[in-house]
Amino acid sequence: MADKDELQTCVRCKYVAVKEDKYCIRCGAPLKNRCTKEKSLMHKGCYKVNKADAKFCADCGTETTFNQLGLI
Ligand SMILES: [Zn+2]
Ligand SMILES: [Zn+2]
């Protein structure tokens, strides 16, 4: 049995993937709940990886990927 920290569960289909995977191989949903604040002239962008149940970024309050895609 692998260490729990090396696994992640897809929020959409509950497929259990390894930590290195960025997208679910079963349904294509992203596995990392990233901040959607993008690089602009005024800001270098955030891209923080938030907890799976975070609707907004813990660092800057911008929507997360999961929230934007309606996964949570
Ligand atoms: Zn999935
Ligand atoms: Zn952020």
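Start by selecting the zinc ion (ligand 1) and its protein donors: Cys10, Cys13, Cys24 and Cys27, each through SG, lie 2.3 Å from the metal. Donors here are N, O and S atoms within 2.8 Å of the metal (3.2 Å for Na, K and Ca), and water is not among the atoms, so sites may look incomplete. Before going on, note that this is a predicted model, in which local features need pLDDT of at least 70 and side-chain atom pairs count only at pLDDT 80 or more, while totals for chains, interfaces and linings use all residues. Residues are numbered from 1 along each chain as its sequence is written, chains are lettered from A and ligands numbered from 1 in the order in which they are written, and side-chain values use heavy atoms, leaving out hydrogens and water.

Stay on ligand 1 and check the angles. The four donor atoms subtend 104 to 116°, which makes the arrangement tetrahedral (for four donors, all angles between 85 and 135 degrees). Along the sequence, these donors follow C-x2-C-x10-C-x2-C.

Now click on two of those cysteines. Cys24 is buried, at 4% relative accessible area, while Cys27 is partly exposed at 28%. Buried means under 20%, exposed over 50%, and partly exposed in between (1.4 Å probe, protein chains only).

Next, jump to the zinc ion (ligand 2). Its protein donors are the SG atoms of Cys35, Cys46, Cys57 and Cys60, at 2.2 to 2.3 Å. This site is tetrahedral too, with angles of 97 to 120° among the four donor atoms, and its spacing reads C-x10-C-x10-C-x2-C. Pick Cys57 and you have a buried residue at 5% relative accessible area; Cys60 is partly exposed at 34%.

Time to colour by domain: select 1–31 for domain 1 and 32–72 for domain 2, bounds that come from an automatic or database domain assignment. Taken over C-alpha atoms, their centres are 19 Å apart. Nine residues of domain 1 and seven of domain 2 make the contact (heavy atoms within 4.5 Å).

How much area is buried between domain 1 and domain 2? About 610 Å², with carbon and sulfur atoms giving 67%; this is the accessible area (1.4 Å probe) that two parts lose on being put together, summed over both. In domain 1, show Val11, Pro30 and Leu31, which lose the most area to domain 2 and together make up 69% of what that side buries.

Methods:
Tetrahedral: all angles 85-135°; square planar, octahedral: opposite > 155°, others 65-115°.
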